[in-house]
Amino acid sequence: MKPEHSTRFAAVHGSVAADDGLVPADDDSAPADDERSSGPSVCHPAVALCGHLAETLGSRRKLLVAFSGGLDSTVLLDALVFLRQRQWPDLTIRAVYIHHGLSVHADDWAAHCLAQCHSRDVGFQSIPVLVNPASAGLEGAAREARYLALQQALLPGETLVTAQHLDDQSETFLLALKRGSGPTGLSAMAASTPFHGHELLRPLLDWSRGQLQEYALQRELRWIEDDSNRDERFDRNFLRRQILPLLTRRWPHFTQAVARSARLCAEQEALLDELLQETLGLLTSPDGSLDLAPMMAMSASRRGALLRRWLAGAGTRMPAKDQLERLWTEVALSRPDAEPRFQLADRQVRRFRRRLYILPLWPSLKELIIPWTETSRPLTLPNGLGCLQRAPSGAAVRAAGEDEKITVRFAAAGTLHIVGRRHGRQIKKLWQELGIAPWLRERTPMLFYNEVLIAAPGIFTTREGQAQDDKRVWHIEWLCDKNGNGQ
């Protein structure tokens, strides 16, 4: 570990004096009386933090710590190990370092984290990630890559634990304020939140960076000082280095007041969730789609609140106000014969038969032609669409002739004559009559002999593919789920 990126502090003996400064009665940043008394004790940082973690963790015993090697996560990891040694020997702790590769020192930092975990008998994993700044800026892309890697690293029954603290909460609140966020954004970070089938826990939100440093000094910890934290081109660093010190000099309890405001916003959002839960349940079908008809008569504010909760329930990134308005006008209110779509990060919102659907961003398969040369074997389809196979049962079609090349495609054009109907139909009209949503039409495999469409197995068979009693018959089965995704 290079000395400029890791600092060792001498032990500090004795207690740390609390702030006894008087706060003027009209100072809006002063914490309420109950908040003054309920904050974490700083008399004995290690013991106080150990007790706080025990209370916060409750019955959780399997933890995955997001460990960067910086001050905050080093204190968190050390305190958890301290808790395991003193009180909970059954506490299972693993640590993950996310290797963004954005610094020339990243390998050294990973080695430092490994050594810190090894000395504490903590399982360690370093996960390299690829950061694409074009998607959400460098900060946003790094955050997305980090949380995706953490999601994939979690084992069954584990809780993800991160080290955001009181000062981080203020930064998050101010960044949301800068973006013009509403109560949801101003709720900042919750102490506990669902995380892809697990739980994300932030047990240090009531502790300031100063208190964490006192702990580190008392325990003689070593941590990484990331040189990028001094780069004020990044908004969070600018707030941390320039704005928050100025605000706290003027109003010493500013961070506590911000945390209180964030909690109040979160409470208002929770109340709104409760009030809208029944309505959202009535509007949402088992497949997750949203009924548009009742929403047409709603006020814009009520409709927007329902749309946000519907999107949040599907794990979609929250849209800005103008995005939400565009989603409504460009998708929900588009003409009846349109096939509108609106992209939100890695999802798309589409409409079909007066319902909205949240879908992945699937690649186009329209130009794809897949030869099926050995029909005695199943044909694996791309993009998780399952497979086609000949089977004892399934769509009955005439067997291909020796001079007919068999292919599978995902697009067709023109007028079709299908078995069971007297008149031909344009394929777009046929899809509509069959109730197949536009995005499923583009993901439905169609069987061709040479250039002739024979069948969309399980959906329709054309006259050209109709089975004849006096000729060989194949039964073609498409193994997939109800959304056209392979099982």
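This is a short tour of a predicted model, stop by stop.

**Before you start.** Residues are numbered from 1 along each chain as its sequence is written, and side-chain values use heavy atoms, with hydrogens and water left out. In this predicted model, local features need pLDDT of at least 70 and side-chain atom pairs count only at pLDDT 80 or more, while totals for chains, interfaces and linings use all residues.

**Colour by pLDDT.** This is the predictor's confidence in each residue, from 0 to 100. The protein averages 85, and 89% of the residues score at least 70. Now select residues 1-42. Here pLDDT stays under 50. Where pLDDT is low, the predicted coordinates should not be read in detail.

**Select 254-283 and 300-313.** These are helices H10 and H11 (DSSP runs of H or I, at least four residues, numbered from the N terminus). Their axes, lines fitted to C-alpha atoms over the stretch in contact, come within 10 Å and cross at roughly 85°. The two helices are therefore roughly perpendicular (65 to 115 degrees, on a scale from 0 to 180 between N-to-C directions).

**Show the side chains between them.** On H10, pick Leu272, Leu276 and Leu280, among others; on H11, include Leu306 and Trp310. Contact means heavy atoms within 4.5 Å.

**Move to serine 289.** It sits in the loop between H10 and strand E9 (290-291); strands are DSSP runs of E, at least two residues. Buried or exposed? Serine 289 has 0% relative accessibility, so it counts as buried (under 20% relative accessible area, 1.4 Å probe, protein chains only).

**Look around serine 289.** Its contacts beyond four places in sequence include Trp310 and Tyr357.

Methods: Parallel < 35°, antiparallel > 145°, perpendicular 65-115°, else oblique. Buried < 20%, exposed > 50% of the residue type's maximum accessible area, 1.4 Å probe, protein only.
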